[in-house]
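This report describes the cross-links, charged pairs, strand pairing and aromatic contacts of a single model. Please read it with the structure open alongside.

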Amino acid sequence: QVQLVESGGGLVQPGGSLRLSCAASGSIFNIYVMGWYRQFPGKQRDLVARITSAGSTYYSESVKGRFTISKDNAKKTATLQMNSLTPEDTAVYYCYIEEGRHGMVPVDYWGKGTLVTVSS
């Protein structure tokens, strides 16, 4: 079994910064991708940022230039540094990984989510 634990959410004022962390543990073979989704109330979950095992990154247009994703392969952790936050970034943020054995289809695992509230 694989577990993902997020931390770092909370309340921040507009223009402020937060850092989200995700730690993966359990029966992990290979982590191919680590990333973050977010979900606004009543909406589907949308990809925010992802980083591959090789270090390639992707950002949604709405966060590009403001958010930075990084990882530590040895510690099986991922971090999302969020700067210049706006109220429109208020959402529940979910960590996810694509994990599996070589030659097999990766499996997605999700954290329980952490709430980020941007408000004055």
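## Disulfide

Cysteine 22 and cysteine 95 are joined by a disulfide with an S to S distance of 1.9 Å, where a disulfide is taken as a pair of cysteine sulfur atoms within 2.5 Å; by this rule the count comes to one disulfide. The torsion about the S-S bond of cysteine 22 and cysteine 95 is about -75 degrees, so the disulfide is left-handed. Because cysteine 22 belongs to strand E3 (residues 18-26) and cysteine 95 to strand E9 (residues 91-100), the pair ties together parts that are 73 residues apart in sequence; strands (E, at least two residues) are DSSP runs, numbered from the N terminus. Cysteine 22 and cysteine 95 are both buried, a class that means under 20% relative accessible area, with exposed meaning over 50% and partly exposed in between (1.4 Å probe, protein chains only).

The model is predicted, so that local features need pLDDT of at least 70 and side-chain atom pairs count only at pLDDT 80 or more, while totals for chains, interfaces and linings use all residues. Residues are numbered from 1 along each chain as its sequence is written, and side-chain values use heavy atoms, with hydrogens and water left out.

## Salt bridges

With a salt bridge defined as a side-chain nitrogen of Lys or Arg within 4 Å of a carboxyl oxygen of Asp or Glu, the count comes to four salt bridges. One of them brings together the side chains of aspartate 89 and arginine 38, at 2.9 Å from N to O. This pair links distant parts of the chain, since aspartate 89 is in the loop between strand E8 (77-82) and E9, and arginine 38 is in strand E4 (residues 30-39), 51 residues apart. Aspartate 89 and arginine 38 are both buried, and a network of salt bridges links Arg38, Arg66 and Asp89.

Another salt bridge is formed by glutamate 98 and arginine 50, whose closest N and O atoms are 3.5 Å apart. Here too distant parts of the chain are linked, with glutamate 98 in strand E9 and arginine 50 in strand E5 (residues 45-52), 48 residues apart; arginine 50 counts as partly exposed, at 23% relative accessibility. Lysine 64 and glutamate 61 also meet through their side chains in a salt bridge, at 2.7 Å from N to O. Of these two residues, lysine 64 is partly exposed, with a relative accessible area of 46%, whereas glutamate 61 counts as exposed at 64% relative accessibility.

## Strand pairing

An open sheet of four strands runs in the order E1-E3-E8-E7, with antiparallel pairing, where two strands pair if DSSP finds at least two bridges between them. Strand E1 (2-7) and strand E7 (67-72) are the edge strands, each pairing on one side only. On average, neighbouring strands of this sheet are turned by 15 degrees against each other, direction ignored; the axes are lines fitted to C-alpha atoms, and angles run from 0 to 180 degrees between N-to-C directions. Within the sheet, E7 and E8 pair in the antiparallel sense over six bridges, and serine 70 has threonine 79 in E8 as its bridge partner.

Antiparallel pairing also connects E9 with strand E10 (residues 107-110), over four bridges, and tyrosine 96 stands opposite tryptophan 110 in E10. E9 and E10 form a hairpin with six residues between them, and glycine 103 in the turn has a positive phi of about 85 degrees.

## Aromatic rings and a charge over them

Rings of Phe, Tyr and Trp (its six-membered ring) pair if their centres lie within 6.5 Å, and planes under 30 degrees apart count as stacked, over 60 as edge-to-face and the rest as tilted; by this rule the count comes to three aromatic pairs. The rings of tyrosine 37 and tyrosine 96 have centres 5.1 Å apart and planes at 80 degrees, so the pair is edge-to-face. Tyrosine 37 lies in strand E4 and tyrosine 96 in strand E9, so this pair ties together parts that are 59 residues apart in sequence, and both tyrosine 37 and tyrosine 96 are buried. For tyrosine 37 and tryptophan 110, the ring centres are 5.0 Å apart and the planes are at 70 degrees, so this pair is edge-to-face. Tyrosine 37 in strand E4 and tryptophan 110 in strand E10 are 73 residues apart. Tryptophan 110 counts as partly exposed at 34% relative accessibility, and ring pairs link Tyr37, Tyr96 and Trp110 into a cluster.

The charged end of arginine 45 sits over the ring of tyrosine 94, 3.6 Å from its centre, given that a charge sits over a ring if NZ of Lys or CZ of Arg is within 6 Å of the ring centre and within 35 degrees of the ring normal. Arginine 45 also lies over the face of tryptophan 110, at 4.8 Å from the ring centre.
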